[in-house]
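Colleague: I would like a close look at one part of this model, with the cut-offs stated as you go. Please take the residues in turn and keep to what was computed.

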Amino acid sequence: MAIDAIDLHLPDPGRIIAFSTRRNASDPSDPYCGFNVCHYTADSPAHVDSCRNRLCDYLHISRDRLILPRQTHSLNVAVIDKIPFDPASLEDVDALVTRLENVALCINTADCVPILMADPDAGVIAAVHSGWRGTVGDIATRTLTAMQSLGADPAHIHAAMGPSICPDCFEVGEEVAVKFRKAFGPGVVIDNHTKPHIDLPRAIASRLIKAGLPAANISYPPACSHCNPDTLFSARRHTINSGRTLSTIMLKKA
């Protein structure tokens, strides 16, 4: 069954599948209407289950090869090294890494930045949830370290950010802006608004580059979740009691 997806451009697309989903909602005013596989935001379990089955059919994998963590804005990274993987090990996890084939690493977001990464030479992939806390805490670099433990080389890693809130929309309080000024210096905090705004993708890219990724290997979000609430879930538009945009990456079996 087809899924309305935004392709995220990573190398070797015949082998590396990477995309984010659109809602494709019949009633965009319903905060859960549309494609949603997130199980912890009070959506109907039957609806979530149906969407997960659709995703597995689309990827041609069994349900035990669909890896969905319980994200908590932590800095925790899980390395998926076997299937089946203990579901309890996915609690309080915000990044996933594997070199297993036909295993879909999944991240759910509704304004935060999903980052999908791949080293096509080493056959190592990752999926990361990076909100403002994860960005300040540098979950991206922690994930790169886990990728390197499986043989990845930062110089060969490509990173694609999925749909997320844009700098024009991401207004924050001064207490958050202070953290970003301290962590990133000038350029990431935008002060020409009534309140500070944050450029999350720019902050994330700066950390990836510092860790060794070539700037040319990094692609930025294709759309703003807050600007497009009819096609993408946005916690700031719909509240946290809503569906989530799925971003997934999978290394197809050669």
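What is the relative accessibility of tryptophan 132, and does the residue count as buried, partly exposed or exposed? Please go on from there to the helices and residues around it.

Modeller: The model is predicted, so local features need pLDDT of at least 70 and side-chain atom pairs count only at pLDDT 80 or more, while totals for chains, interfaces and linings use all residues. Residues are numbered from 1 along each chain as its sequence is written, and side-chain values use heavy atoms, with hydrogens and water left out.

Tryptophan 132 has a relative accessibility of 22% and therefore counts as partly exposed. The classes are buried (under 20% relative accessible area), exposed (over 50%) and partly exposed in between, with a 1.4 Å probe and protein chains only. The residue belongs to helix α2, residues 132-137; helices (H or I, at least four residues) and strands (E, at least two) are DSSP runs, numbered from the N terminus. Not counting residues up to four places away in sequence, tryptophan 132 touches Phe170, Val176, Lys179, Phe180 and Leu200, where contact means heavy atoms within 4.5 Å.

Phe180 and Leu200 also take part in the meeting of two helices: Phe180, Ala183 and Phe184 in α4 touch Leu200, Ala203, Ser206 and Arg207 in α5. By class, this contact has five nonpolar, one polar and one charged residues. Here Ala, Val, Leu, Ile, Met, Phe, Trp, Tyr, Cys and Pro count as nonpolar, Asp, Glu, Lys and Arg as charged, and the others, Gly among them, as polar. The axes of α4 (residues 174-184) and α5 (residues 200-210) come within 12 Å and cross at roughly 30°. The two helices are therefore roughly parallel; angles under 35 degrees count as roughly parallel, over 145 as roughly antiparallel, 65 to 115 as roughly perpendicular and the rest as oblique. Axes are lines fitted to C-alpha atoms, for helices over the stretch in contact, and angles run from 0 to 180 degrees between N-to-C directions.

Within α5, Leu200, Pro201, Ala203, Ile204, Ala205, Arg207 and Leu208 are buried. At the start of α5, a side-chain oxygen of aspartate 199 comes within 3.1 Å of the backbone nitrogen of arginine 202. This is a polar contact: a pair of N or O atoms within 3.5 Å, where within protein one must be able to donate a hydrogen and the other to accept it, and residues adjacent in sequence count only if both atoms are side-chain atoms. Just after α5, glycine 212 has a positive phi of about 120°.

Histidine 197 sits in strand β11, residues 197-198. Its relative accessible area is 5%, so histidine 197 is buried. The side chain of histidine 197 reaches two backbone oxygens, that of proline 167 at 2.9 Å and that of aspartate 168 at 3.1 Å. Beyond four places in sequence, its contacts include Phe170 and Glu171. Histidine 197 and glutamate 171 are 26 residues apart in sequence, with their C-alpha atoms 4.4 Å apart.

Asparagine 217 lies in the loop between α5 and β12 (218-219). Because its relative accessibility is 13%, asparagine 217 counts as buried. A polar atom of the asparagine 217 side chain lies 3.1 Å from the backbone oxygen of isoleucine 157.
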